[in-house]
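Please look through the model below before reading on. My comments follow as numbered points.

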Amino acid sequence: PVPPTTTPVPTNTPVPLPTSTPVPTNTPVPLPTNTPRVVYRVVAVKVERDSSRLDLSLKRPSLTRVRAHTRVRLSAYVAVQTAGRALRIREEIRVSLRGKTVFDRRMNGRIKKGQHGIFAFWRVFAPPRSGTYTFTGTVTGGNIHAHKTRTFSGVRG
């Protein structure tokens with residue numbers, strides 16, 4: 001007798017079917033329009049004699065010592081690099097003595113379309129007593145917040 005032989009029987013192996021992969025389409029995406037920007041910065045803050053002219057050339061040094069009760073002009077000079085559109089701004093002059101605010105004035109301003117160069121905003125201030133004062137000039141508008149700080153001494157008269 002002949003022993004029975006087994007013949008291998010092919011099995012159904014699953015064959016992976018191709019899957020559909022999403023293909024990117026060339027649908028146009030709206031691009032942001034080129035919004036004109038306004039670029040500016042505070043380039044100087046100065047303590048100046050109340051009677052002097054503004055120093056738009058920025059050549060005169062700031063006063064470093066002021067007699068108490070003497071009126072001075074606190075000036076903040078702003079450089080506008082480009083103004084592709086008009087922009088409303090908020091200007092602030094703040095003075096503190098030993099960490100406490102002793103003077104704070106806010107004004108509304110405007111940078112005009114096409115304006116460039118240096119402009120200034122200021123307020124008159126008289127130091128009430130001797131001490132070291134910190135003066136900060138700030139401009140805020142659009143998405144820019146720019147400021148500069150200087151110290152000066154109030155001395156007895």
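1. Buried means under 20% relative accessible area, exposed over 50%, and partly exposed in between (1.4 Å probe, protein chains only). Arg 94 is partly exposed, with a relative accessible area of 31%.

2. This is a predicted model, in which local features need pLDDT of at least 70, side-chain atom pairs count only at pLDDT 80 or more, and totals for chains, interfaces and linings use all residues. Residues are numbered from 1 along each chain as its sequence is written, and side-chain values use heavy atoms, with hydrogens and water left out.

3. The protein has 0 helices and 8 strands (DSSP runs numbered from the N terminus: helices H or I, at least four residues; strands E, at least two). Of its 157 residues, 34% count as buried.

4. A salt bridge is a side-chain nitrogen of Lys or Arg within 4 Å of a carboxyl oxygen of Asp or Glu. The count by this rule is 7.

5. Glu 48 and Arg 73 form a salt bridge at 3.3 Å, N to O. Glu 48 lies in strand β1 and Arg 73 in strand β3 (residues 72-83), 25 residues apart. Glu 48 is buried, at 5% relative accessible area, and Arg 73 also counts as buried, at 5%.

6. Arg 94 pairs with Glu 92 in a salt bridge at 2.7 Å, N to O. Arg 94 also forms a salt bridge with Asp 104, with the closest N and O atoms 3.2 Å apart. The latter pair joins strand β4 (residues 87-97) to strand β5 (residues 100-111). Glu 92, Arg 94, Asp 104 and Arg 106 are linked in a network of salt bridges.
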